Amino acid sequence: MGAYRAEDDYDYLFKVVLTGDSGVGKSNLLSRFTRNDFSNDSRATIGVEFATRSIQCDDKIVKAQIWDTAGQERYRAITSAYYRGAVGALLVYDVTRHVTFENVERWLKELRDHTDANIVIMLVGNKADLRHLRAISTEDAKGFAERENTFFMETSALEALNVENAFTEVLTEIYRVVSKKALEAGDDPTTALPKGQTINVGGRDDISAVKKPGCCSA
Amino acid sequence: MAQSSDVSSVESVYFPIYSFLLYYSPCCCCSLPRPLSGIPSIKDAVWEFLLGCYDPDSTFDERTKLKNLRRYVCTVILDCSNHKLTFEMGIREQYAAWKEECKTMVPVVGSGTRSLWLLFLKMGNQLMNLLLKIKVSSSKTLLKTRGSSPMDALLASDRGFSAGLDVARTDRHLSFYEDGGNQSNLWDVLAIYTWLNLDIGYVQGVNDIRSPVIILFEDEADAFWCFERAMRRLRENIRATATSMGVQTQLGVLSQVIKTVDPRPDQHLEDLDGVEYLFAIRMSMVVFRREFSFLDTLYLWELMWAMEYNPNMFATYEELEDRNNNNNDTADDPKLLKRFGKFERKYVNSGKNERHSNTIAVFVVASVLQTKNKRLLKEAKGLDDVVQILGDIAGNLDGKKAYKEALKIHEKFLKEANRQ
């Protein structure tokens with residue numbers, strides 16, 4: 001697969017945050033993506049945790065630095081400090097608990113208050129495997145994502161459904177924005193941006209909700 | 001004065017309490033639940049003393065009476081939770097009856113009941129308010145949709161219902177919690193605590209503190225009181241506002257300690273934009289439950305409690321005016337001074353009466369960071385590396401070693417601080 005590469009071998013480093021209510025499955029989405037692992041015994045995240053994984057976009061290696069934050073509101077004062085510099089976000093809700101979807105709006109505001117305006121956000125409805133318990137329809141969530149101009153996907157960390165796609169799509173989009181910006185500036189993106197530095201998607205690119213999954217393969 | 005880094009002197013504080021309990025307290029022979037078999041069965045009783053549940057000078061009879069009263073208060077609260085109380089029963093009448101009964105128990109118990117009595121009144125008020133509120137919004141539906149009792153409704157007011165979820169995911173690897181009854185004990189203790197501490201509410205992480213207590217105590221009410229006392233030490237850490245969390249104060253002290261003892265790692269962390277040591281937050285919030293094994297954590301807790309032991313704790317918690325804050329007199333009396341834990345004694349001795357925030361936990365965090373110093377200095381090129389290096393330590397540190405190192409750091413810190 002070529003998905004798991006040597007740690008320091010990368011062309012781009014993107015910071016991505018995982019947010020959303022407590023117990024929606026953020027930590028398991030992260031462990032599924034970075035270690036292909038799911039734990040039934042996972043505990044509440046205290047503060048922040050962290051993992052990385054590199055994927056390939058075109059001929060470039062993109063390293064994702066993914067920050068997993070505590071879901072409880074009480075921790076916001078602390079977790080929001082970690083939003084700084086994030087160029088992507090997966091805003092997770094639980095498709096079986098309506099309240100976690102209701103709170104998405106507040107998380108979105110939180111994200112937009114603390115990050116760059118061009119951050120790539122994906123709304124992620126996790127626990128899609130619990131079909132008989134579903135409380136939010138795909139259409140409702142999709143409609144919300146379109147209105148808010150974010151990407152959208154339903155996932156199951158348990159069944160490894162769409163987890164790869166969700167992260168890859170967000171990373172691809174960031175990559176697309178960054179390389180396009182660099183091209184417009186007439187620079188070779190690889191030399192313009194020093195290795196190991198977090199990249200800000202600072203341009204005026206319009207990141208729309210209906211972008212198709214692009215060039216990346218994990 | 002290097003002799004204080006000697007752990008045996010810690011144990012000289014710790015073990016007399018053990019032996020005292022072994023010889024004089026017939027109540028401590030309660031058997032331990034299976035997961036902790038092999039540990040002396042007096043552990044629960046020792047914890048009660050270390051945490052200030054009882055007056056160290058109390059007799060067995062006095063403690064029994066106080067224990068019964070405390071159990072009674074818990075029963076009342078749980079009765080409300082378990083729906084034995086309904087609107088139709090007339091809660092005012094029911095509450096008045098409880099109050100009467102509680103009142104008759106108070107004079108029997110004697111000292112140490114003022115706070116319990118106040119607590120009982122406070123509980124009554126909150127109960128009334130909540131039920132009235134629910135009644136006003138005519139939401140029997142609220143009860144139905146958000147939980148099965150007023151208490152559940154209260155906890156459900158926590159946005160996202162994290163409390164219930166967290167109970168289900170606390171220490172699931174321990175066979176103890178395969179028993180649904182034990183999990184419901186966890187829930188009850190959580191509910192009562194949240195109920196009585198609305199200013200703090202439910203904070204993720206307190207389950208990690210509560211779980212060992214539940215395992216240790218057979219009686220749910222006893223577990224609650226022990227937990228309540230343990231939380232007194234942590235309350236300020238978990239207090240949160242929109243812009244800050246109490247734990248940040250402790251992290252500030254940590255930064256001071258590290259800076260004083262060895263400025264290199266502090267400078268390095270600052271260069272990496274260490275965001276006020278927030279990466280160390282988990283250690284402070286759940287007091288090492290995630291960094292050390294279950295048994296090593298208990299070992300660390302007990303050592304910390306013994307080192308910080310203050311014989312006036314009970315009087316302070318129970319708001320007994322005459323016994324409160326008499327640390328000043330203590331400083332002159334070597335006999336009284338000896339009753340304090342070694343760490344606490346130093347502060348009493350220096351005449352500092354105010355609560356000091358450099359608790360021993362800060363030095364244990366510093367010692368954990370120190371074990372990673374080399375890697376942090378060499379490998380950490382960003383905050384992500386710091387979090388990753390510290391993330392690697394989950395569950396595989398040596399409690400004893402960390403503790404010895406913490407005492408050394410404390411010595412060094414005091415020395416450096418005095419020099420400056």
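**Charged pairs and a helix**

Modeller: B:Lys67 and B:Glu48 form a salt bridge, with their closest N and O atoms 3.9 Å apart. This is a predicted model, in which local features need pLDDT of at least 70 and side-chain atom pairs count only at pLDDT 80 or more, while totals for chains, interfaces and linings use all residues. Residues are numbered from 1 along each chain as its sequence is written, chains are lettered from A and ligands numbered from 1 in the order in which they are written, and side-chain values use heavy atoms, without hydrogens and water.

Colleague: Why is the pair B:Lys67 and B:Glu48 called a salt bridge?

Modeller: The term requires a side-chain nitrogen of Lys or Arg within 4 Å of a carboxyl oxygen of Asp or Glu. The N and O atoms of B:Lys67 and B:Glu48 are 3.9 Å apart, so the label applies.

Colleague: What makes this pair a tie between parts of chain B?

Modeller: B:Lys67 lies in helix H3 (residues 60-81) and B:Glu48 in helix H2, so the pair ties together parts 19 residues apart in sequence. Helices here are DSSP runs of H or I with at least four residues, strands are runs of E with at least two, and both are numbered from the N terminus.

Colleague: How do you know that B:Lys43 is buried?

Modeller: Buried means under 20% relative accessible area, exposed over 50%, and partly exposed in between (1.4 Å probe, protein chains only). B:Lys43 has 7% relative accessibility, so it counts as buried. B:Glu302, at 4%, is buried too.

Colleague: What is the distance between B:Lys43 and B:Glu302?

Modeller: Their closest N and O atoms are 2.8 Å apart, and the two form a salt bridge. B:Lys43 lies in helix H2 (residues 43-50) and B:Glu302 in helix H16 (residues 294-307) of chain B, so this pair joins parts 259 residues apart in sequence.

Colleague: How many salt bridges are there over all chains?

Modeller: The search of the whole structure finds 32. One of chain A's joins A:Asp94 and A:Arg97 at 3.2 Å, N to O, and both residues are buried.

Colleague: What puts the buried residues of helix H5 of chain A on the same side?

Modeller: The buried residues of H5 (residues 138-147) are A:Ala141, A:Phe144 and A:Ala145. They cover an arc of only 100° around the axis, which puts them on the same side of H5(A); the arc is that of the directions from the helix axis to the C-beta atoms. The face turned away from that buried side carries the exposed A:Glu139 and A:Arg147.
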